[in-house]
Amino acid sequence: MSEEPPVSPSWLSPDPTAWASGAPMDNSTSLGSFPAEDSPLRPSQLPLLVNPWDIVLCSSGTLIACENALVVLVIWQNPTLRAPMFLLIGSLALADLLAGLGLVLHFTCAYLLRSDSAQLLTVGLVVASFSASVFSLLAITVDRYLSLYYALTYNSERTAAFTYTMLVLLWGLSLCLGLLPVTGVNCLAEEVTCSVVRPLTKNNIAVLSVSFLLLFGLMLQLYVQICKIVMRHAHQIALQHHFLAATPHYVTTRKGVSTLAIILGTFAACWMPFTVYSLIADYTYPPLYTYATLVPATYNSIINPVIYAFRNQEIQKALWLVCCGCVPTSVAHRARTPSDV
């Protein structure tokens, strides 16, 4: 009988049936329905149960990849979409596209190849992609703040250089975070060091979670400043036109502030449960809780194109041109309002 250790198809445990129980996981259980020591088959030949949560993650990854691939394609093919704002939206879409592909590849490699090396590569891709997605959201927030604070000098070569610098830094840092599991910072050799997401260590997931909380705090502060600037501009315009709160501009400004609240609220609702849970839990916690917080986090990459890309007037025009070769009059002549911020 071969002494080759079984390989885990799941994100969480070498036992693919552990997700069904509320008890802590038994990491000594082998791959499949029966313990390896009681079976004459090699681990790769044992019957494999597919975790339904992994199917959900794979389905989410497929939707994420398709949705964001459309955004990347539109921005790539349209030479008019080269402003800093569109470069950052393209970075976000590319990061989410890679995250979706990473989820699909992880499912494929885990259940077909059943290799630790393949698992490390796909987990590294997922970590790097989601990190780049969060960093891109921060970069978009910084760009929106600067476009309002330095409105007169925003469209300059200095702004473009700053945008490229942000892109290089965010993708470089994301790549470093994704390489950690591949370069040895993993718990495959020592199960007790595992976090709620195998094969990431508790220290690794703690760094990612704390970084997210810091980024969220920074984004919150920037959006508060954006709201103040937008409301101040709206008040100045109202005074110039001698109008009160019922002016159309005031109404659209309120919509803009509401849009900012929706953006930040959606981001927090998707990522905060998994972030907090991964800080307080470890590999002994029931897998159901991990999946229940991890799956909503992936939904943020489904929502991002709707919030940041499909609502943008220029991207809407490009999408209409790609899909039907024409642009509806209502889209072509729609004026930009503070609700588009």
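Keep in mind that the model on screen is predicted.

Show the side chains of the pair: Cys187 and Cys194 form a disulfide, and their sulfur atoms lie 1.9 Å apart. A disulfide is a covalent bond between the sulfur atoms of two cysteines. Turn the view to look along the bond. The link of Cys187 and Cys194 is right-handed, with 90° about the S-S bond. There is one disulfide in the structure.

Two other cysteines can be selected next. Cys109 has 15% relative accessibility and counts as buried. Cys270 is buried as well, at a relative accessible area of 7%.

Next, clear the selection and switch to a cartoon view of the whole protein. How many helices and strands are there in the protein? The protein has nine helices and zero strands. Followed along the sequence, the pattern reads α-α-α-α-α-α-α-α-α. If you colour by burial, buried residues account for 48% of the 341 residues in the protein.

Select residues 52–77, which are helix H1, together with residues 84–113, which are helix H2. Two packed helices are described by the angle between their axes and the distance between the axes. For H1 and H2 the angle is about 150° and the axes are 7 Å apart. H1 passes H2 in a left-handed crossing. Show the side chains where the two helices meet: the residues of the contact of H1 with H2 comprise 19 nonpolar, five polar and two charged.

Display the second largest pocket, which has a volume of about 450 Å³. Which residues are the closest to the centre of this pocket? Select Phe130, Ser131, Leu208, Trp271 and Phe274: of the 27 residues that line the second largest pocket, these are the closest to its centre. Then colour the helices around the pocket. The elements that give two or more residues to its lining are H3 (116–149), H4 (157–182), H5 (202–240), H6 (248–280) and H7 (287–309). Finally, colour the lining by residue class. The lining of the second largest pocket has 21 nonpolar residues, six polar ones and no charged residues.

Definitions and conventions
Residues are numbered from 1 along each chain as its sequence is written. This is a predicted model: local features need pLDDT of at least 70, side-chain atom pairs count only at pLDDT 80 or more; totals for chains, interfaces and linings use all residues. Side-chain values use heavy atoms; hydrogens and water are left out. Axes are lines fitted to C-alpha atoms, for helices over the stretch in contact, and angles run from 0 to 180 degrees between N-to-C directions. Helices (H or I, at least four residues) and strands (E, at least two) are DSSP runs, numbered from the N terminus. A crossing is left-handed if the near helix is turned anticlockwise from the far one by less than a right angle, and right-handed if clockwise. Ala, Val, Leu, Ile, Met, Phe, Trp, Tyr, Cys and Pro count as nonpolar, Asp, Glu, Lys and Arg as charged, and the others, Gly among them, as polar. On a 1 Å grid over the protein atoms alone, a cavity is a set of points where a 1.4 Å probe fits but cannot get out, and a pocket is an open set with protein on both sides within 12 Å along at least five of seven lines; lining residues have an atom within 4 Å of a point. Grid points are joined across faces, edges and corners, and a volume is the space filled by probe spheres set on the points. A disulfide is a pair of cysteine sulfur atoms within 2.5 Å. Buried means under 20% relative accessible area, exposed over 50%, partly exposed in between (1.4 Å probe, protein chains only).
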